There are 2 protein chains.
Amino acid sequence: MNNPYQYAKSNQQRFLDEYQELLRIRTISTQPQHAKDVARAAEWLKAMMLRIGMDRAEVILMPEGRCPLALGEWNGAGEDAPTILIYCHYDVQPAEVADGWDTEPFEPTIKDGRLFCRGAVDSKLHVMSNLKAVESWLASEEKPKVNIKVVLEGEEESGSENINAFIAAHPERLAADIAMISDGAILAPDQPSLTYGLRGITALELHVSAPVSDLHSGHWGGSVHNPIQALSEILAQLHDENGAVSVPGFYDDVAAVTAQDRALLEKVEPYLQAEWDDVVSAPALWGEAAYNLPERLGARPTLEINGIHGGYTGDGMKTVLPARAFAKITCRLVPRQDPERVLNCVVEHIKRIAPNTVNIDFKFGGMGAEAVLLDVAGLALKSAAEAYTYAWGVEPVFERAGGSVPITFECMKVAGDVVIMSYGLKSGRAHGPNENIYLQNFYNGIQATIKFIDLVGEGRG
Amino acid sequence: MNNPYQYAKSNQQRFLDEYQELLRIRTISTQPQHAKDVARAAEWLKAMMLRIGMDRAEVILMPEGRCPLALGEWNGAGEDAPTILIYCHYDVQPAEVADGWDTEPFEPTIKDGRLFCRGAVDSKLHVMSNLKAVESWLASEEKPKVNIKVVLEGEEESGSENINAFIAAHPERLAADIAMISDGAILAPDQPSLTYGLRGITALELHVSAPVSDLHSGHWGGSVHNPIQALSEILAQLHDENGAVSVPGFYDDVAAVTAQDRALLEKVEPYLQAEWDDVVSAPALWGEAAYNLPERLGARPTLEINGIHGGYTGDGMKTVLPARAFAKITCRLVPRQDPERVLNCVVEHIKRIAPNTVNIDFKFGGMGAEAVLLDVAGLALKSAAEAYTYAWGVEPVFERAGGSVPITFECMKVAGDVVIMSYGLKSGRAHGPNENIYLQNFYNGIQATIKFIDLVGEGRG
């Protein structure tokens, strides 16, 4: 077993068992009652990093008991060798059977070559693919020609506030020549893709109130602007009839979709359309008429309502005229849009259109990240493309992802060259019920990371 | 104690204690987990009716364990005497401290001459005012010159389906010369009012769905019509910019507001406006510009959204593009509007305006009641007016109530003449938090019912 590629192939079953062990830990960072689970996972990851032969590993506790980081280092390539930083997150979104799961969300279930579990694709797949690639290198006779830093975040699903503060305070801890951010998804099980752009994000809550307390809808209905109705009227004015956001200034700074973008993204369209038909399967496509599907999802900003509530929503009827209603809103951003500025545009627009028959109020969650565009001609992306070709036997296509990986922007501050490598699938239902991966993509991912470390070490691009 | 008026005055404290005992029973008819409480209250009421000297009392069980009726009869006035039917309901709306209560919702709390409790005004006040008036008569030497039937419903807040079926199957059980429906509210503590009109009601739920399951709003946002957004867009098209319902056909059969209506309702306006300022206290009045406040609340139909839900509404953010969203809607109806027809108009309008990018679906709760207009010159209303004048020392004004008392329509089938007598206040926050009554109105109510029985017995009008 002198070869990391062979080592990984010989240990697939054990790697899978360990991956499932991590999946069973309910690392829900948005729910305070799971803080202990998140902390336990961080210790589990530290122990694993030491066990696979890294020089050093530690759990970095965060202020106010927030979700910790797990850091690991291997410096065996020597002071003059380049350093790779591998970033993944081990926290997950909430999940309950009632959301529509066919299996227990935190019990990994293997069926027809797929593994179903919350966090399977987003993003414990990446945590484990990379740790097992590092293990495969360190267990082999031939050692990596690069030093390796691993940073595993526990707060990605709830704002990443503390890792950003940690990087700002200790940039040297994560400083590297190349940062590999391992998150997101590829297009198809047998078609790897390389993401060269990511949308940013900004978030707010809109609260509408009118009467001082809940009222009998018979006694007072017809004399007061129902807050649910007023909220609906406001929300209905955030898009025009062509699917574009109708907030003045929203598109002001948006970087145009270039001819190069169009050429790269065209190759992605059939894959995305097939996935849309399978995963989304809405009655019809919707969105900005002037842009095709990959452009709508990757190169154009959006305004999405993530939640709404008001009045009585339990069983039966309650003839209430509610005192208040609220909606949770996020905007996905593209390059050149400033999260703060976009947030202000939305707030000012809502203030302008809100009727004077109701009170409005905003809450801000502190979630904000700029969009990212990476250099498709850099060493990192070229090595990544070759690593995918090796592991999948197919050249990757290039795309711009709709999701946010806020850490990318932070990593660009501490690493000269950044690449995003994804091993899961868009059809993997990240954040939804029945989240899943193809097992083969886990094994391919390990091979791809081994190869990537190889290529960067050789200095080849 | 030969006089029912004196008897009632001498027993105020005991009457109040018994009223509070009933208030403590959580008779929430819309929540199956409280079915036992409702059944217990029915037995409690039956026992009280027997204790106060009625000839007969029983609990009528309903199909599928639904909330029972409590019936009582006193036939001491003889076969040739007229019969009064007194209707009240003892079930209540849900209530939780989290809704904004300053006290435990099911623990009666007396403060500054007021009593705070769920059901205090809607409608255990009426149950107890009337039972204690009957007790006062039966405990006196002089007996009523009318026979008395009492029907206490346990399902008014959740559709009254079974009492309607009971009346249809056994009309003789509730047959009477005059039906007194005791529910609703008067204008001010020292200004009684007589309701000669009630709005009807019809209800539906609108469900909107688009993707087959919840999605990651980053991965797919911008390519699918968000169900919360589509629902908001539909709801925003149910009213025009003048506060009128914009559903075609909605106003087709609406009885016009007559000159007599305008003259009667004009006297009510200052009271209603003062209560609006106190109870509603929204930033501005809202509604149909062509109608004043009492007309908007009593003589015009409305469409109200009672509840809305979609996506993630817990703590923190969940960047979900939800699979579905729904809203609960009720319409308040005025004379000549058919509940079924109005429901169809709303459904057809929504089907017409719903975009083809989403699926829509309806649920119907079976809640439907026509509006009612009573004869202001009949014996019942004239006796009621005199009874109010006796108990309050002030002549009542006439109004049309915004709420629905669906039983009124049913009682009109079994009684020649119908009157609605209310002892609570519009400011009593029925269905909302901190529901309350003025204790004095409880005592006045007992006196008014005693007088009403007196007057109807004398055949005076």
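In chain B of this predicted model, start with helix α2, residues 12–23, and helix α4, residues 120–138. Their axes come within 10 Å and cross at roughly 135°. An angle over 145° would count as roughly antiparallel, and 65 to 115° as roughly perpendicular. The pair α2(B) and α4(B) is therefore oblique. The crossing of α2(B) past α4(B) is right-handed. From α2(B), the contact takes F15(B), E18(B), Y19(B), L22(B) and L23(B). From α4(B), it takes A120(B), K124(B), V127(B), M128(B) and K132(B). Sorted by class, seven of these residues are nonpolar, three are charged and none is polar.

Helix α4(B) has another partner. It packs against helix α15 of chain B, residues 439–458. Here the angle is about 50° and the axes lie 8 Å apart. That makes α4(B) oblique to α15(B). This crossing, too, is right-handed. On the α4(B) side stand L125(B), S129(B), N130(B), K132(B), A133(B), S136(B) and W137(B). They meet F442(B), G445(B), I446(B), T449(B), I450(B) and I453(B) of α15(B). The contact of α4(B) with α15(B) holds seven nonpolar residues, five polar and one charged.

The peptide bond from D122(B) to S123(B) is cis, with omega near 10°. S123(B) is placed in helix α4 of chain B. Chain A also has a cis peptide bond between D122(A) and S123(A), with omega about 10°. There, S123(A) is found in the loop between β5 and α4, and α4 of chain A spans 124–138.

Now move to a sheet in chain A. Three strands form it, in the order β4-β5-β21. The sheet is open and its pairing is antiparallel. Strands β4 (109–111) and β21 (436–438) are the edges, each pairing on one side only. From one strand to the next, the twist averages 25°. Strand β5, residues 114–116, pairs with β21(A) over three bridges. Within that pairing, F116(A) stands opposite N436(A). The loop between β4 and β5 of chain A holds D112(A). D112(A) is not a glycine, yet its phi is positive, at about 50°. A helix covers part of this sheet. Helix α15 of chain A, residues 439–458, lies across β5 and β21. It runs at about 65° to β21(A).

Next, look at where the two chains meet. On each side the contact involves 82 residues, of chain A and of chain B. On chain A, several elements give two or more residues to this side. Among them are the helices α8 (227–235), α10 (269–280) and α11 (293–298), and the strands β12 (302–311) and β14 (324–333). The largest share, nine residues, comes from β12(A). By class, the chain A side has 31 nonpolar, 38 polar and 13 charged residues.

How does β12(A) pair with strand β12 of chain B? The two strands run antiparallel and share five bridges. In this pairing, H309(A) has H309(B) as its bridge partner.

The axes of α8(A) and α8(B) are 8 Å apart, at an angle of about 110°. The helices are therefore roughly perpendicular to each other. Their crossing is left-handed. Q229(A), S232(A) and L235(A) face Q229(B), S232(B) and L235(B) in this contact.

What relates chain A to chain B? A rotation of 180°, with 0.1 Å of shift along its axis, superposes chain A on chain B. The RMSD is 0.1 Å. That is the relation of a two-fold axis. The interface residues fit this picture. Of those in chain A, 100% are also interface residues in chain B, so the copies meet through the same surface.

Definitions and conventions. Residues numbered from 1 in each chain as written. Chains lettered and ligands numbered in written order. Predicted model: local features only at pLDDT ≥ 70, side-chain atom pairs only at ≥ 80, totals over all residues. Axes fitted to C-alpha atoms, helices over the stretch in contact; angles between N-to-C directions. Helix = DSSP H or I, 4+ residues; strand = E, 2+ residues; numbered from the N terminus. Parallel < 35°, antiparallel > 145°, perpendicular 65-115°, else oblique. Left-handed = near helix turned anticlockwise from the far one by under 90°. Contact = placed C-beta atoms within 7 Å. Nonpolar A, V, L, I, M, F, W, Y, C, P; charged D, E, K, R; others polar. Pairing = 2+ DSSP bridges. Least-squares fit on C-alpha atoms with pLDDT ≥ 70 in both.
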